[in-house]
Amino acid sequence: MSAPERIPPRSVTAADLLAQGELKVRGRIRDASNAALFCTVAYDGEEASCVYKPVAGERPLWDFPDGTLAQREVAAYEVAAATGWDLVPPTVLRDGPYGEGMVQLWIDVAPDGADLLALVDAEEPEPGWKAIGPADVGEGKTALLVHADDERLRRLAVLDAVINNADRKGGHLLPTADGRLYGIDHGVTFNVDNKLRTLLWGWAGESLTADAVEVLQGLRGALGGALGTRLAELITAAELDATRARVDALLAAGKHPEPSGEWPAIPWPPV
């Protein structure tokens with residue numbers, strides 16, 4: 001499946017297109033854990049491809065309220081947009097052919113995009129890479145799972161810590177031909193309990209960059225204003241308070257979080 005050639009111009013924003021356009025289902029994304037439909041959306045002479053995840057197609061989870069994953073995806077986009085890092089594709093909540101759901105702009109992955117994850121037969125990563133941990137490769141053997149020491153990934157690690165992402169897998173990382181990186185699949189986020197599960201542990205315990213500190217300070221202010229008002233429509237008051245607390249904790253520590261030991265640190269499967 002590939003996106004149409006045309007990209008919405010400045011006169012028609014991606015949000016306008018996704019929220020107001022005519023949504024047509026073209027197929028199903030079969031490797032998704034919940035119902036995910038590949039669609040086109042057309043509005044005011046513009047067309048793009050998108051993903052539509054109806055609430056009705058969400059599977060129940062023991063640790064998240066039923067029927068809330070689409071709202072969490074939109075909340076993750078709102079926080080990501082507020083950072084200015086542009087790490088999550090435009091995402092809206094709207095009615096569709098199968099009821100209310102999340103609609104997100106489709107991202108075409110660069111076929112020759114930079115490798116972000118690797119398995120290496122070594123005890124320590126090479127320069128330019130960060131260790132995640134040992135991985136079982138079969139026949140009683142292990143290899144070191146590593147991720148790139150990439151500023152885009154580091155920013156995403158900060159975002160995941162803010163939204164308490166419980167499922168940052170390798171398949172959720174989308175590098176594009178223009179050198180950008182997007183993260184997708186943010187349905188299991190914003191839990192009150194610490195559930196951070198990610199492959200991006202390479203900076204655990206390291207000091208936050210000056211850029212990250214500045215962004216977190218901006219988020220702290222935004223969560224007390226318009227961003228907080230918007231999130232209150234998508235997540236519970238307790239979850240919003242927990243988000244503010246996570247931002248405060250990151251700023252107080254000045255460091256990337258480390259695995260808590262109370263929850264599996266790496267999602268399974270990892271890709």
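Student: Is D86 buried, exposed or partly exposed, and what is its relative accessible area?

Tutor: This is a predicted model, in which local features need pLDDT of at least 70 and side-chain atom pairs count only at pLDDT 80 or more, while totals for chains, interfaces and linings use all residues. Residues are numbered from 1 along each chain as its sequence is written, and side-chain values use heavy atoms, with hydrogens and water left out.

D86 is partly exposed, at a relative accessible area of 33%. Buried means under 20% relative accessible area, exposed means over 50%, and partly exposed lies in between (1.4 Å probe, protein chains only). D86 sits in the loop between α2 (69-83) and β4 (91-96). Such labels are DSSP runs numbered from the N terminus: helices are H or I with at least four residues, and strands are E with at least two.

The backbone of D86 deserves a look too. Most residues other than glycine have a negative phi. The phi of D86, however, is positive, near 55°, and D86 is not a glycine.

As for accessibility, N164 is buried, with a relative accessible area of 2%, whereas D86 is partly exposed.
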